Amino acid sequence: SVFVIDLQRREHIHTLNLWPFYRPHGLTVDGQGRLFVMSEAHNTLLRFCDPVNRHVPDLAVPSGGHKTHLFALTRDAQTAYALNLLSNTVTKIRPNDPTFTPVAMVPGPVPEGNVLSADETLLYVANRGDDTLVAVDTRSMRVVARGKTRRDPNRVYRFQGADGQDLLMTTN
């Protein structure tokens with residue numbers, strides 16, 4: 001389940017029912033107020049168009065991978081990048097189009113942490129299996145840069161420097 005909390009009232013106002021999907025892992029809200037939740041157990045991205053008033057998903061889109069853990073969503077919510085721990089892939093999916101065939105690539109072993117660049121042309125991925133951080137070109141779905149991190153990187157965060165450059169931080 002996903003709980004909807006009114007932060008001003010500090011009150012639990014709704015519980016979103018994911019059944020028959022379970023093990024939510026990763027969620028985000030787009031600019032239209034739609035909620036996207038990844039079901040890790042079913043490798044499926046769920047969409048709730050009106051999570052305040054409708055407490056069940058209105059769309060389920062397959063991730064195209066196995067043990068889909070986290071995902072990154074573009075600002076316009078037309079594309080998502082799903083990280084699949086057991087298939088060692090990143091898949092490009094269309095979260096509003098269940099007929100789209102996922103586009104898969106291998107960024108490295110056990111991809112988990114991820115964040116899009118400010119202009120959304122790169123997806124930064126932390127690979128736990130070889131302690132690397134890679135940059136994936138979102139158009140070609142190819143690794144364009146790779147660097148070593150300390151042991152077990154599991155999340156990536158992006159900050160914008162004073163010069164406009166992306167600054168990345170991994171948690172290990």
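This is a predicted model: local features need pLDDT of at least 70, side-chain atom pairs count only at pLDDT 80 or more; totals for chains, interfaces and linings use all residues.

Student: Okay, core. Which residues make up the largest nonpolar core?

Tutor: The largest nonpolar core has 11 residues. They are Ala72, Tyr81, Leu83, Val90, Met105, Leu116, Leu123, Val125, Val134, Val136 and Met141. Strand E8 (80-84), strand E12 (122-127) and strand E13 (132-137) are the elements that give two or more residues to this core.

Student: Pick Leu116. What is it in contact with, leaving aside neighbours within four places in sequence?

Tutor: With those neighbours set aside, Leu116 is in contact with Ala72, Leu73, Thr74, Tyr81, Leu122, Leu123, Thr138 and Arg158.

Student: And Leu46, where is that?

Tutor: Leu46 is in strand E5. Its relative accessibility is 0%, so Leu46 counts as buried.

Student: What does Leu46 touch?

Tutor: Not counting residues up to four places away in sequence, Leu46 touches Leu18, Phe21, Leu35, Phe36, Val37, Pro57, Leu59 and Ala60.

Student: Change of topic. How many salt bridges are there in the whole structure?

Tutor: A search of the whole structure finds 11. In one of them, the side chains of Arg34 and Asp30 meet, with N to O at 2.6 Å. Arg34 is buried at a relative accessible area of 10%, and Asp30 is buried at 9%.

Student: Which residue does Arg128 form a salt bridge with?

Tutor: The partner of Arg128 is Glu112, and the closest N and O atoms are 2.7 Å apart. This pair links distant parts of the chain, with its residues 16 apart. Arg128 is in the loop between E12 and E13, while Glu112 is in strand E11 (residues 111-116).

Student: Are those two buried or partly exposed?

Tutor: One of each. Arg128 counts as partly exposed at 29% relative accessibility, whereas Glu112 counts as buried at 4%.

Student: What about Asp166, which side chain does it meet?

Tutor: Asp166 meets Arg158 in a salt bridge, 3.8 Å from N to O. Asp166 is partly exposed, with a relative accessible area of 22%. Arg158 counts as partly exposed too, at 29%. Elsewhere, salt bridges that share partners join Glu112, Arg128, Asp152 and Arg155 into one network.

Student: Asp152 again, then. Where does it sit?

Tutor: Asp152 is in the loop between strand E14 (142-148) and E15. Although Asp152 is not a glycine, it has a positive phi of about 60°. At 22% relative accessibility, Asp152 counts as partly exposed.

Student: What is the phi of Asn88?

Tutor: Asn88 has a positive phi of about 55°, and it is not a glycine either. Its place is in the loop between E8 and strand E9 (89-93). Asn88 is partly exposed, with a relative accessible area of 25%.

Student: While we're on the backbone, which residues does the cis peptide bond join?

Tutor: A cis peptide bond joins Trp19 and Pro20, with omega at about 15°. Pro20 lies in the loop between strand E2 (11-16) and strand E3 (24-29).

Student: Last one, the surface. Which residues make the nonpolar patch?

Tutor: Tyr157, Phe159, Leu167 and Met169 make a nonpolar surface patch of about 390 Å². The elements giving two or more residues to the patch are strand E15 (155-160) and strand E16 (166-171). Met169 is in strand E16, and at 39% relative accessibility Met169 counts as partly exposed.

Conventions
Residues are numbered from 1 along each chain as its sequence is written. Side-chain values use heavy atoms; hydrogens and water are left out. Patches are made of residues with over 30% relative accessible area and no salt bridge: like charges are joined within 9 Å, nonpolar side chains (Val, Leu, Ile, Met, Phe, Trp, Tyr) within 5 Å. Accessible areas come from the Shrake-Rupley method with a 1.4 Å probe; for residues, only the protein chains shown count as cover. A salt bridge is a side-chain nitrogen of Lys or Arg within 4 Å of a carboxyl oxygen of Asp or Glu. Helices (H or I, at least four residues) and strands (E, at least two) are DSSP runs, numbered from the N terminus. Buried means under 20% relative accessible area, exposed over 50%, partly exposed in between (1.4 Å probe, protein chains only). A nonpolar core is a set of buried Ala, Val, Leu, Ile, Met, Phe, Trp, Tyr and Cys residues joined through side-chain atoms within 4.5 Å. Contact means heavy atoms within 4.5 Å.
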